[in-house]
Number of protein chains: 2
Amino acid sequence: MPPPTVPRPATALAWETLLPLGDGPAPLRDRLERAIRDAVQTGVLPAGSALPPSRLLAETLGVSRWVVTETYGQLVAEGFLEAAVGSGTRVPAHAPQVPDAASTARTHTPLRGEYRRPAFDLGPGIPDLRHAPRARWAAAVRHALDTLPDAELMVVDPHGHPLARTAVADYLTRSRRAVASPGDVVVTHGATDGMAAIVAGLRASGHRSILVEDPGWGRLREVAASAGLTPVPVPVDDRGIDVERLVAASDRTGARAALITPAHQFPLGAALSSGRREAIVRWARDVDGVLIEDDYDAEFRYDRRPIAALQGLAPERVALVGSLSKSMAQAFGLGWAVIPEGLRSRVPLADRARPSVLDQVALAGFIGSGDLERHLRAARTRFKRRRGALLAAFERELPDLPLTGIAAGMHAMLELPEGVASRDVRHAASALDVAVSDLARYRATAGRPGALDALVIGYGNLSDALVDEAVARLAAAIRSVPARRGA
Amino acid sequence: MPPPTVPRPATALAWETLLPLGDGPAPLRDRLERAIRDAVQTGVLPAGSALPPSRLLAETLGVSRWVVTETYGQLVAEGFLEAAVGSGTRVPAHAPQVPDAASTARTHTPLRGEYRRPAFDLGPGIPDLRHAPRARWAAAVRHALDTLPDAELMVVDPHGHPLARTAVADYLTRSRRAVASPGDVVVTHGATDGMAAIVAGLRASGHRSILVEDPGWGRLREVAASAGLTPVPVPVDDRGIDVERLVAASDRTGARAALITPAHQFPLGAALSSGRREAIVRWARDVDGVLIEDDYDAEFRYDRRPIAALQGLAPERVALVGSLSKSMAQAFGLGWAVIPEGLRSRVPLADRARPSVLDQVALAGFIGSGDLERHLRAARTRFKRRRGALLAAFERELPDLPLTGIAAGMHAMLELPEGVASRDVRHAASALDVAVSDLARYRATAGRPGALDALVIGYGNLSDALVDEAVARLAAAIRSVPARRGA
């Protein structure tokens with residue numbers, strides 16, 4: 001910066017200090033603008049302050065007068081400074097006063113690396129994150145970007161892109177025995193998003209309550225509740241939801257909708273018995289009701305072929321929600337809902353944000369190429385092997401504790417010794433870097449005294465190499481908790 | 001298929017016909033299952049029909065008995081068939097009757113290729129789809145997939161991923177002169193999604209109405225209305241929204257929120273004057289109000305540097321919404337909202353679906369690498385050149401009609417000859433494969449007699465090679481419409 005060539009007024013040094021230009025690569029104009037903004041926002045130039053005439057400031061800072069007039073002009077145009085005939089340029093009376101916002105608030109945002117999962121991950125509902133199909137997904141996105149016509153870059157269909165709806169309908173028909181045409185499918189961000197759309201539709205159709213499995217996945221209950229549907233808990237046993245009690249609860253409350261996991265009850269693990277499958281459909285028809293089938297991990301079954309979706313039995317009564325979240329990962333942000341025609345018009349789809357068209361077309365390609373089903377087959381093989389290792393480890397470490405609900409999915413239930421509280425075990429396990437969940441967490445109603453206390457043990461994201469050590473640590477945690485009488 | 005080895009009963013031929021196995025590559029068990037499902041769902045086997053004993057069907061179809069018992073077993077487990085002791089296997093009384101759903105409904109879904117834009121695309125609000133940064137975006141997604149830690153595949157923060165929030169805050173601070181830290185940013189699907197979140201927060205804070213520019217972008221008005229805020233129109237002139245009349249409307253209705261486009265009014269094209277910038281912020285402070293700044297195309301300015309976001313003047317009063325939709329394309333499905341701290345806690349973020357974590361991390365990389373700003377610079381250069389060609393073409397073809405609001409953005413306003421109705425011109429242009437919009441479409445209130453009738457002419461997605469031809473066709477359309485006295 002050349003030294004000023006004229007004598008400086010008394011304030012000259014001050015202006016150089018108040019408006020430091022720095023030296024980085026940015027044009028002088030930008031640096032001056034930044035300096036003025038900073039001085040105003042930090043209160044160095046308080047509301048009402050006069051700025052020096054442009055000629056004076058130019059000389060003081062050693063820049064051309066054009067730089068100053070341009071900068072003043074821009075800031076005046078934006079209302080950041082004001083210029084009045086005869087009184088020069090000044091900071092408006094109501095200048096922004098934002099004490100150091102950028103530097104303080106930034107430190108409060110969690111940064112990458114703060115998210116972690118425990119080394120011994122027995123958390124339920126978590127897929128095998130090590131084997132998320134990253135490369136195949138990148139290829140699917142690339143393919144979508146390579147092939148999507150220009151005109152489709154500006155189209156957003158609230159039901160989803162036709163390619164995605166067609167691919168999902170084909171997949172569900174083929175793999176889940178659903179009865180779904182593309183027109184029945186809505187592309188969503190996941191089961192929760194699909195559920196939110198459906199319960200909004202139910203609310204708009206006059207529903208005020210919804211029957212839910214107890215225990216069951218709490219997040220979907222919450223979504224129903226925040227849409228204005230009161231959840232009505234119905235007990236579950238080893239044949240799935242108790243349909244007799246469901247019918248009684250429906251009679252009692254007038255509830256005509258039910259949220260169920262017929263293929264693999266979460267978390268108890270039963271498949272809904274064939275008699276109950278029929279009975280629940282009969283109930284739905286009798287009361288002009290709607291069943292919402294949370295089809296969350298039915299692809300993973302180890303004793304027989306996957307149980308078909310209930311939706312195929314009564315497509316006019318059953319809405320189905322599914323996603324990639326439990327088979328790939330939540331980060332893909334994709335799922336689907338199949339919504340019966342009678343309900344679809346009541347679902348406020350236009351007001352809901354949908355996954356990006358690019359993601360949807362990537363999904364279509366990922367399904368169409370067979371990549372999804374290849375991924376699911378490989379995952380099933382891995383889970384089956386891991387499940388075998390897990391069963392052997394439990395047999396060795398905790399031979400007396402019943403392990404149930406392990407014929408399918410990625411989790412099992414472990415009953416605890418009498419008087420040993422699952423909460424205490426969870427905490428002891430956590431201290432050993434073992435994540436595990438418990439049944440109490442999924443109950444819709446507080447457990448009665450004497451109710452089953454059990455752990456819910458997921459193995460989706462458990463490293464194969466750590467199965468034995470994880471079970472040994474969990475066993476140590478259980479043994480470390482003293483049994484409490486009447487606890 | 002080997003021939004059956006025992007004499008056939010009378011119905012034998014019928015069962016072969018009723019349950020055609022086909023021959024594809026699928027296992028026999030799957031083919032039989034499919035055949036039975038199809039027969040039931042199409043009504044070939046009506047509710048209550050008995051199926052033949054497994055031994056008989058096996059012999060009839062020439063398959064092993066195991067195939068039949070397995071298939072019956074699976075379908076009974078799913079409730080698709082029922083088995084009662086002593087009465088064999090049958091179709092339940094309430095069998096699904098879905099007459100040909102898959103084949104009929106599929107044809108109603110629009111298929112790829114039905115979406116098109118006119119060859120001469122003068123639609124406003126549409127970016128240059130030919131130059132969407134497809135390859136750079138694919139690289140950003142690939143990079144996100146290559147680098148995202150496993151644990152983050154299962155994390156969804158309702159405000160957005162910290163990497164994306166940080167990148168957006170940096171971008172807005174640097175390019176839009178916003179005052180935003182990552183904690184102030186919410187990652188959205190776009191401006192509409194951000195607006196929906198903000199108006200839900202306003203509604204929850206007790207707001208019942210919102211002042212809107214008239215004319216203005218209708219979609220955001222609709223979003224406010226469907227959240228329960230009554231839009232209160234305020235006129236716009238060549239210095240942006242009329243703040244005196246806004247204050248009067250606020251006094252009259254109690255509205256304390258306003259939706260504005262200060263950098264480049266849509267569709268009239270003015271920048272909000274510096275006096276009005278100050279005045280509207282003063283109003284917001286006086287009434288404890290909120291300004292929502294729709295910052296939709298401010299990056300593209302041809303007469304000076306982009307006008308800074310109003311949000312930087314009063315970050316505690318101004319919420320800003322922006323997106324990639326008008327600079328890249330809607331298909332990317334990404335945007336942002338900066339929400340003042342006082343309002344943020346009232347915005348029901350947990351209930352709203354966010355863009356996938358993968359997309360958000362891709363956005364962070366796309367901004368962090370400088371790709372977004374490189375894309376914007378290249379787009380500005382292209383638009384500036386195209387705008388020059390457009391001005392020249394209008395000067396040549398329609399020298400008498402005023403073209404205004406063209407100092408920024410990707411659209412301009414063309415006043416029509418007296419008595420020539422814009423609606424007629426739109427229709428005539430459409431017949432020449434020219435898309436164009438008109439002012440009436442964006443009015444919140446019906447135009448008074450004698451109100452300005454004008455076309456809104458976008459050039460974002462107009463092919464450079466077609467500028468002259470597009471303007472020539474538009475001029476022909478205008479000339480083809482007879483002026484109507486008193487129309």
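In this predicted model, B:Arg142 forms a salt bridge with B:Asp146, and the closest N and O atoms of the pair are 3.3 Å apart. Both B:Arg142 and B:Asp146 belong to helix H6 of chain B, which runs over residues 134–147, and they are separated by four residues, about one turn of the helix. Side chains of opposite charge can pair when their charged atoms come close. Over all chains, a search of the whole structure finds 58 salt bridges, and eight salt bridges are counted between chain A and chain B. An example that crosses between the chains is the salt bridge of B:Arg177 with A:Glu33, where the closest N and O atoms are 2.8 Å apart.

That pair leads to the contact between the two chains. Chain A contributes 105 residues to this contact and chain B contributes 104 residues, while the area buried between them is about 8600 Å², with carbon and sulfur atoms giving 55% of it. Across the same interface of chain A and chain B, 29 residue pairs are found in polar contact, with both residues at pLDDT 80 or more. On the side of chain A that touches chain B, several helices each supply at least two residues, among them helix H2 (28–41), helix H4 (65–77), helix H7 (162–175) and helix H13 (357–368). The helix that gives the most to this side is H6(A), with ten residues. Divided by residue class, the side of chain A that touches chain B has 49 nonpolar, 23 polar and 33 charged residues.

The relation between the two copies can be stated in geometric terms.

Within chain A, the domain assignment gives domain 1 (28–116), domain 2 (134–372) and domain 3 (374–480). The C-alpha centres of domain 2 and domain 3 of chain A lie 27 Å apart, and 28 residues of domain 2 of chain A are in contact with 23 residues of domain 3 of chain A. Between these two domains of chain A an area of about 2300 Å² is buried, of which carbon and sulfur atoms give 61%. On the domain 2 side in chain A, the residues that lose the most area to domain 3 are A:Pro267, A:Phe300 and A:Tyr302, which together account for 31% of what that side buries. One salt bridge is counted between domain 2 and domain 3 of chain A, and A:Asp371 forms a salt bridge with A:Arg374 in which the closest N and O atoms are 3.2 Å apart. Across this interface of domain 2 and domain 3 of chain A, 19 residue pairs are in polar contact, both residues being at pLDDT 80 or more. The residues on the side of domain 2 of chain A that touches domain 3 of chain A divide into 13 nonpolar, seven polar and eight charged.

Some points of the backbone remain to be considered. Most residues other than glycine have a negative phi, and most peptide bonds are trans. The peptide bond from A:Asp214 to A:Pro215, however, is cis, with omega near 5 degrees, and A:Pro215 is found in the loop between strand S5 (209–214) and H9 of chain A. In chain B, a cis peptide bond joins B:Phe266 and B:Pro267, with omega about 0 degrees, and B:Pro267 has its place in the loop between strand S8 (257–260) and helix H11 (274–286). A:Arg177, a residue other than glycine, has a positive phi near 55 degrees, and A:Arg177 is found in the loop between H7 and strand S4 (185–188) of chain A.

Notes
Residues are numbered from 1 along each chain as its sequence is written. Chains are lettered from A and ligands numbered from 1 in the order in which they are written. This is a predicted model: local features need pLDDT of at least 70, side-chain atom pairs count only at pLDDT 80 or more; totals for chains, interfaces and linings use all residues. Side-chain values use heavy atoms; hydrogens and water are left out. Contact means heavy atoms within 4.5 Å. Buried area is the accessible area (1.4 Å probe) that two parts lose on being put together, summed over both. A salt bridge is a side-chain nitrogen of Lys or Arg within 4 Å of a carboxyl oxygen of Asp or Glu. A polar contact is a pair of N or O atoms within 3.5 Å; within protein, one must be able to donate a hydrogen and the other to accept it, and residues adjacent in sequence count only if both atoms are side-chain atoms. Ala, Val, Leu, Ile, Met, Phe, Trp, Tyr, Cys and Pro count as nonpolar, Asp, Glu, Lys and Arg as charged, and the others, Gly among them, as polar. Domain bounds come from an automatic or database domain assignment.
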